[in-house]
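Trainee: I have a model open and would like to go through it with you. Could we start with how far to trust it and then move on to the details?

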Amino acid sequence: MINASNVEAAFVSGTNQRNNLGDYLLRQPEESTMSSPTTSPTSTFATPLTQIMRTLFIKFTVVNHTFSPEMDNKSSPLYKEYTSSISKELEDLFKKEVGSETQNCTVARYWSGPLVVVGSCDFLNTSSLNETKVKKAFDVGTNNHHTLGPYLLKSDPANTQVTAYEPQPQTTVQPPTTPTTTTTPTTTTTTIPPDNLDKYDIQFTIINRNFTDDLKNPNSPLYKKMVKKIEARLNQLYRGSYPKSFKYCKVTGLKLGSVKTECSCFFEKGSTVETDLFSTFDNKTNSTNWLNEFQLKPGSLIVKESVKKENPLPFWVIFVIGLCCFIFAALLALFATVCAMKYFRHHTASFKTQQSDYGTYLPHLDMRKVY
């Protein structure tokens, strides 16, 4: 049978003799709170020990950046670079849209697709805070799933999730591999010489970087660092679209204005054409706007197949050919001279006049035959 005494006993037992109610510290009343029906219910006060925090996870997809295996390593420079940038964008967004309830944001993890981000944000656990409110704030702050700062988002509301638990990527069971089939892209790249591949020259302009004197020197640390990043982004872009035929990309030059980039990308012979590579680059960079952290100049993309130049003949071969031609011409001229001399000598001999002791006799002028 439920009565006031039973309820009071349960309250006393559940609050550790009226000491705490969960995270709330209770003030001891002078009289029991439940000893009499007439006791004022305000005789016991509860005050929070600390502010209660609530963590919510926000999953969204970035389409102008691609996932790199380095992002699985939290100590890698690439992971730190992305996490710092995205965390700041999330924190600024929620502080603007949610207000003072927002405490801090960070990134819990990344995975491919092309780049799926799972953000983690701490909020004050107020009565008005819930997943729906945070989701609406994210929608408004990203202009209906279009941009989060420099990051272009997948324009699909269903793709964004706000949950109280950390989302996990969908995993697929991989069949066991055998030692005979374990090859890496690096091995493939080094075993196939460029002469046996189709080479495509790719040019584009980066506008959110300035061309400095260091970029004029291929041996400078800044030049090497930028080239390494660009090559990594291009390799990610094309390897995802051409996993079998793509081999590697290499930056061949950086030029002024802002940073004009010239690259060479290698594919298996006959596996693709320049129009397909142009379309792939254009689509993956959102109409040539963003190559991961590099902002591109729209319309600056050029893709053309490299025409292989035949190797010039060695100098000694050219010399021998020239010498043979000279000798042949000299022999031909000598032969022509000999033939001409014989010809003129023969015809000159047929017109010789007859000589006698009495002078020159010209038989064709002998008029005696007429009479």
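Predicted model: local features only at pLDDT ≥ 70, side-chain atom pairs only at ≥ 80, totals over all residues.

Trainee: Okay, α2 first: how many residues does it have, and how far does it reach?

Mentor: Helix α2 covers residues 77–97, which is 21 residues, and reaches 30 Å from its first C-alpha to its last, close to the 30 Å expected at 1.5 Å a residue. Helices here are DSSP runs of H or I with at least four residues, strands are runs of E with at least two, and both are numbered from the N terminus; the expected span is 1.5 Å times one less than the number of residues.

Trainee: Which of its residues are buried?

Mentor: The buried residues of α2 are Leu-78, Tyr-79, Tyr-82, Thr-83, Ile-86, Ser-87, Leu-90, Leu-93 and Phe-94, where buried means under 20% relative accessible area, exposed over 50%, and partly exposed in between, with a 1.4 Å probe and protein chains only. Seen down the axis of α2, these buried residues fall within an arc of 135°, so they line one face of the helix; the arc is taken from the directions from the helix axis to the C-beta atoms.

Trainee: And what sits on the face turned away from that buried side?

Mentor: That face of α2 carries the exposed residues Pro-77, Lys-80, Ser-84, Lys-88 and Lys-96. The helix is followed by Gly-99, whose phi is positive, near 105°.

Trainee: Switching to the largest pocket, what is its volume, and which residues lie nearest its centre?

Mentor: The largest pocket has a volume of about 430 Å³ and is lined by 14 residues, of which Ser-68, Glu-70, Lys-228, Ala-232 and Arg-233 lie nearest its centre. The elements that give two or more residues to this lining are α2 and α5 (221–241), and the largest share, nine residues, comes from α5. By class the lining has three nonpolar, three polar and eight charged residues.

Trainee: What are the rules behind those words?

Mentor: On a 1 Å grid over the protein atoms alone, a cavity is a set of points where a 1.4 Å probe fits but cannot get out, and a pocket is an open set with protein on both sides within 12 Å along at least five of seven lines; lining residues have an atom within 4 Å of a point. Grid points are joined across faces, edges and corners, and a volume is the space filled by probe spheres set on the points. Ala, Val, Leu, Ile, Met, Phe, Trp, Tyr, Cys and Pro count as nonpolar, Asp, Glu, Lys and Arg as charged, and the others, Gly among them, as polar.

Trainee: Where is Thr-288, and is it buried or exposed?

Mentor: Thr-288 lies in the loop between α6 (274–284) and β13 (290–291) and counts as buried at 3% relative accessibility. Thr-288 has a positive phi of about 55° although it is not a glycine. Asn-143, in the loop between α3 (131–141) and β7 (147–148), also has a positive phi, near 55°, but is exposed, with a relative accessible area of 51%.

Definitions and conventions
Residues numbered from 1 in each chain as written. Heavy atoms only, no water.
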